[in-house]
Amino acid sequence: MRQDQEDPYQRRSAQVYAVADRAGSGSVASPRPVLYDAVLLDRDGTLIEDVPYNGDPEKVRPVPGARAALDRLRAAGLRLAVVTNQSGLARGYFTGAQMRAVHARVEELLGRFDAWLVCPHDDADGCACRKPAPGLVHAAARELGTTASRCVLVGDIGRDVAAALAAGAAGVLVPTPVTRPEEIAAAGWVATDLPAAVAEILRRQQAVQPAVPPAEPVRTALVVRSDSAGDVLVTGPAIRAVAAGAQRVVLLCGPRGRAAADLLPGVDEIIEHPLPWIDPTPGPVDPGAIRGLTARLAAVGADQAVVFTSFHQSALPLALLLRMAEIDRIAAISDDYPGALLDIRHRVPVGVPEPERALSLAAAAGHRLPDGDEPVLRLRRDAVPPRPADLGDPGYVVLHPGSAASSRACPPELATRIAGALTRAGHRVLVTGGADERAVTARVAAAGGIDLGGRTDLAGLAAIVADASAVVVGNTGPAHLAAAAGVPVVSLFAPTVPFGQWGPYRVPTVRLGDSTAPCRDTRAASCPVPGHPCLSDVDPDEVVDALRTLAVSGGGGR
Ligand SMILES: [Zn+2]
């Protein structure tokens with residue numbers, strides 16, 4: 001079930017301060033923006049200077065540039081809500097009337113907000129709305145007539161970002177002097193101040209929206225995404241965008257991504273061929289094979305090619321082959337000078353989520369997702385087989401310890417302790433892994449769970465993941481399968497690559513692990529630090545707590 005269609009917080013009790021005739025009254029641009037309908041803003045430290053437990057309107061001081069930044073969002077048709085923890089209410093430091101006076105003053109200075117959502121509780125209350133719980137984000141989305149995944153939240157501490165991610169929204173951290181360094185390191189999206197956050201929100205929104213449609217209609221588009229299953233899966237939304245604007249889509253992928261390519265909607269034909277300048281363990285370049293690939297690409301008869309890459313990969317060698325194949329409309333992201341190889345040379349700042357990075361290239365090539373197709377990962381229904389009947393009812397937790405890159409895998413010893421902790425907390429655990437990971441899955445499952453190591457191919461794994469209540473996994477393909485099924489993810493994310501680019505996309509997520517570890521940004525395939533400390537220090541109880549935050553209960557439901 002997609003997270004957009006359900007709301008586990010319907011009966012919870014965030015206090016909603018919305019004026020009826022304002023809620024949801026923001027103009028909806030036509031066509032609907034691809035990414036966001038609404039921006040949610042933390043109050044203290046984000047919109048206004050943090051005056052602890054302030055009940056005095058006279059002490060309201062907006063942060064620099066706030067009014068103009070908010071007006072830019074309003075002018076772009078985005079709806080605005082404030083989402084704020086005010087435990088001072090629970091503690092009796094100020095009254096509801098004083099708080100409303102403060103909010104009236106905020107609106108006097110910063111303009112109207114479409115909704116105010118306040119958590120009046122204290123940490124000890126265990127409510128579902130106090131950030132980092134996602135309740136306020138869900139409630140705000142509902143007030144604004146949208147879904148959490150179409151919201152972006154701006155806040156100044158880790159709790160704000162965590163609440164956004166746990167709801168499946170995007171989260172931007174704007175640090176202040178009180179923001180802790182590890183909160184900054186853990187955030188996938190950081191801006192220097194509120195105006196900069198707003199500028200980047202609007203830039204990302206604009207970047208996936210084509211300025212002009214393709215000059216000529218596209219009959220056959222050749223799209224390219226080499227590398228692993230995860231790489232192919234995160235390119236899915238962009239490939240659907242191209243498919244919306246082309247009569248036929250041919251996908252060139254590598255052998256490691258083939259199983260994922262078979263799962264993507266919008267693809268009419270697949271060409272599988274390794275690219276020695278992309279493959280992490282390439283064989284020598286075989287001139288005959290390259291000539292054969294060039295001839296095969298020429299035979300596609302594409303009138304447009306869109307070459308998708310990760311930020312550390314070059315599109316240019318393939319662009320040369322495409323020129324040799326006489327394809328004359330070629331688009332790619334390239335920081336390197338492309339000379340005559342590209343017709344559309346696209347640039348993307350570091351840190352943009354891979355699916356959006358790819359969507360922005362599709363937009364540069366003239367394509368956008370059609371209305372009604374959300375920019376989420378999706379799989380072809382007909383490509384996912386029925387789930388094996390012997391696994392019992394849906395609602396189990398999938399624990400996937402492995403990864404093609406060991407630096408991004410959950411250490412087996414930790415996975416074993418997580419399996420035990422989850423089982424003791426009442427979760428049914430399925431341990432998944434490839435045929436080459438059977439020794440690990442057997443060991444992990446022995447601590448609690450059913451061992452499915454080697455029992456599924458990627459499509460079979462997608463079927464199992466789709467009926468899970470949550471997936472516990474490192475930064476690897478199954479995290480993206482979970483995102484494609486709308487299944488919440490507890491992400492044991494090694495910081496070897498940026499979380500903002502590779503974290504589970506638009507699905508409720510809790511990130512665990514030490515994002516300041518020395519492996520950070522090394523892109524290492526095997527951990528360069530003895531003991532794999534970024535993940536091995538995770539406490540299994542953090543995983544149990546994360547599932548609670550994601551509203552996944554141990555009774556099998558969620
Ligand atoms: Zn609350």
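Visitor: In which sense do strand 10 and strand 11 pair?

Guide: Two strands pair if DSSP finds at least two bridges between them; helices (H or I, at least four residues) and strands (E, at least two) are DSSP runs, numbered from the N terminus. Here strand 10 and strand 11 (residues 330–333) pair in the parallel sense, over three bridges. The partner of V306 in strand 11 is A331. From strand 10 the chain passes through helix 12 (residues 316–324) to strand 11, a right-handed β-α-β crossover: with the strands pointing away from the viewer, the path from the first strand over the helix to the second runs clockwise. This is a predicted model, in which local features need pLDDT of at least 70 and side-chain atom pairs count only at pLDDT 80 or more, while totals for chains, interfaces and linings use all residues. Residues are numbered from 1 along each chain as its sequence is written, and side-chain values use heavy atoms, with hydrogens and water left out.

Visitor: Over how many bridges do strand 7 and strand 10 pair?

Guide: Strand 7 (residues 218–225) and strand 10 pair over five bridges, in the parallel sense. R225 stands opposite F308 of strand 10.

Visitor: Why is strand 10 largely enclosed by the rest of the structure?

Guide: Buried means under 20% relative accessible area, exposed over 50%, partly exposed in between (1.4 Å probe, protein chains only). Strand 10 (residues 304–308) is largely enclosed because five of its five residues are buried. In a regular strand, side chains alternate between the two faces of the sheet. Here Q304, V306 and F308 point one way, A305 and V307 the other.
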